[in-house]
Number of protein chains: 2
Amino acid sequence: MTISMYQASVPVVIRTLNNLVGILEKGAKHAETKKIDPSVLVNSRLFPDMFPLSRQVQIASDIAKRGVAQLAGMEAPKFEDNETTFVELIDRIHKTISYLDTFKPEQVDGSEERTITLQMPNNTLSFQGMPFLLYFVLPNVYFHVTTSYDILRHCGVELGKLDYLGQP
Amino acid sequence: MTISMYQASVPVVIRTLNNLVGILEKGAKHAETKKIDPSVLVNSRLFPDMFPLSRQVQIASDIAKRGVAQLAGMEAPKFEDNETTFVELIDRIHKTISYLDTFKPEQVDGSEERTITLQMPNNTLSFQGMPFLLYFVLPNVYFHVTTSYDILRHCGVELGKLDYLGQP
């Protein structure tokens with residue numbers, strides 16, 4: 001018994017995105033309770049040249065849906081990146097999860113050695129499926145979910161590690 | 001072909017910790033260049049009740065070495081958590097990597113269904129090996145490495161995503 005490409009991708013990413021929904025809901029609730037304009041939180045960032053919360057959430061969504069789609073040899077739906085509120089960001093993550101939910105194990109399994117090509121601004125990156133998942137997709141999704149958490153924590157939202165990890 | 005428990009754990013965690021070393025080296029260099037007391041960065045945190053950089057690094061080390069050891073049915077070495085400088089934190093991560101380097105695939109492979117028990121302050125958590133790795137160890141390691149990155153970025157250290165991901 002080993003880990004299938006599906007097991008290491010779809011349910012892992014869905015769980016992480018569900019946790020992100022919970023984190024965003026606590027952000028929205030915090031703004032409401034403290035009578036803070038929620039757009040202040042949505043536009044918060046940790047340093048002037050880092051992305052704000054809204055963009056962190058959009059990128060988490062993009063890496064997740066594109067990553068799984070590429071493993072399956074498909075193209076993910078494009079979203080417009082026009083979310084400006086907690087409700088819209090949460091809706092985007094729900095749409096991302098619904099898309100990921102459509103994948104069946106047989107679409108992703110067997111992609112360990114599939115060649116994945118990423119067009120970057122200045123060059124093209126080429127991966128095999130397994131390192132693409134383990135060294136690019138998963139760390140990237142965790143990066144943007146953690147940074148979303150860190151931005152909201154930095155703004156005073158009461159979050160704990162279990163909001164990020166989910167209930168074991 | 002699928003992913004072995006070893007492939008999904010030891011090299012993934014080692015790569016992430018090596019990237020953390022690079023991030024810490026850039027933090028140390030930044031302090032030197034800007035003539036900032038490096039201990040200000042080592043003790044920085046994103047919110048008063050979050051852990052400072054030093055503790056984030058210690059926890060990343062602990063989760064990595066304990067996680068892999070538990071999959072192998074072993075006990076990881078305890079470190080003293082007394083690091084107060086960039087040099088000491090980098091040394092700790094190097095020691096962690098050296099320890100992880102001692103594991104052979106056959107020690108970790110086959111641990112998918114091994115029962116892993118974690119003693120928490122108020123209760124005991126029990127996992128099977130595969131969900132322990134995919135839903136606890138890896139997201140936790142990424143959380144503390146990303147938060148280390150976020151703390152240093154927040155302090156003005158010039159870091160980019162490739163410092164976190166490593167060169168593809």
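A cavity here is a set of points, on a 1 Å grid over the protein atoms alone, where a 1.4 Å probe fits but cannot get out. Its volume is the space filled by probe spheres set on the points, with grid points joined across faces, edges and corners. With that in hand, the whole structure turns up two cavities of 30 Å³ or more.

A word on ground rules: this is a predicted model, where local features need pLDDT of at least 70, side-chain atom pairs count only at pLDDT 80 or more, and totals for chains, interfaces and linings use all residues. Residues are numbered from 1 along each chain as its sequence is written, chains are lettered from A and ligands numbered from 1 in the order in which they are written, and side-chain values use heavy atoms, leaving out hydrogens and water.

The largest cavity holds about 60 Å³ of space. Lining residues have an atom within 4 Å of a point, and for this cavity they come from both chains, including A:Arg15, A:Asn19, A:Tyr142, B:Leu134 and B:Pro139. At least two lining residues each come from α1 (10-33) and α7 (161-165) of chain A and from α6 of chain B; helices are DSSP runs (H or I, at least four residues), numbered from the N terminus.

Now the rings. Rings of Phe, Tyr and Trp (its six-membered ring) pair if their centres lie within 6.5 Å; planes under 30 degrees apart are stacked, over 60 edge-to-face and the rest tilted. That gives 15 aromatic pairs over all chains. A:Tyr149 and B:Phe143 are edge-to-face, because their centres are 5.1 Å apart and their planes at 80°. Each partner lies in helix α6 (residues 129-154) of its own chain, so the pair joins two chains. B:Phe127 and B:Phe136 make a tilted pair, with centres 5.4 Å apart and planes at 50°.

How exposed are these rings? Buried means under 20% relative accessible area, exposed over 50%, and partly exposed in between (1.4 Å probe, protein chains only).

| Residue | Relative accessibility | Class |
|---|---|---|
| A:Tyr149 | 4% | buried |
| B:Phe143 | 4% | buried |
| B:Phe127 | 11% | buried |
| B:Phe136 | 14% | buried |

A:Tyr149 and B:Phe143 also belong to one aromatic cluster, along with A:Tyr164 and B:Tyr164, among others.

How values were computed
1 Å grid on protein atoms, 1.4 Å probe; cavity = no way out; pocket = protein on both sides within 12 Å on 5 of 7 lines; lining within 4 Å.
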